Amino acid sequence: MSTPPDPERFSRQVILPAVGPEGQKKWTEGSVLLAGEGVALQSAATALASVGVSRLFVLPLGNFDSFSLAEQFPSLHLDI
């Protein structure tokens, strides 16, 4: 079960002119499909979850540790 993200968590991104509240809303409502393997896949998934993307679809071509990602970002919906 996912919990809503804390608005303060993204406060530094929202003040950036290139992002703003509208951009953050798009990221929060966005879905991303990731395909890959290893560190590159894990890094991309972590980066996208860090900026607030709320739904990731992951197509692992090798090993992928979803447990640490789900634990680190409780509001993330992760489909593998």
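Which side chain meets that of K25 in a salt bridge? Select K25 and E29: their side chains form the salt bridge, at 4.0 Å from N to O. A salt bridge here is a side-chain nitrogen of Lys or Arg within 4 Å of a carboxyl oxygen of Asp or Glu.

This is a predicted model, in which local features need pLDDT of at least 70 and side-chain atom pairs count only at pLDDT 80 or more, while totals for chains, interfaces and linings use all residues. Residues are numbered from 1 along each chain as its sequence is written, and side-chain values use heavy atoms, with hydrogens and water left out.

Now extend the selection to helix 2, residues 20-29, which holds both K25 and E29, four residues apart, or about one turn of the helix. Helices (H or I, at least four residues) and strands (E, at least two) are DSSP runs, numbered from the N terminus. Both K25 and E29 are exposed; exposed means over 50% relative accessible area, buried under 20%, and partly exposed in between (1.4 Å probe, protein chains only).

Next, select strand 1 (residues 31-36) and strand 2 (residues 55-60). The two run parallel and are joined by six bridges; strands pair if DSSP finds at least two bridges between them. Within this pairing, A35 stands opposite L59 of strand 2. Right-handed means that, with the strands pointing away from the viewer, the path from the first strand over the helix to the second runs clockwise.

Continue to strand 3, residues 77-79, which is parallel to strand 2 and joined to it by three bridges. Here L56 faces L78 of strand 3. With helix 4 (residues 66-72) between them, strands 2 and 3 make a right-handed β-α-β unit.

Display the surroundings of R55: beyond four places in sequence, it touches G30, S31, V32, L76, H77 and D79, where contact means heavy atoms within 4.5 Å. The salt-bridge count comes to two.
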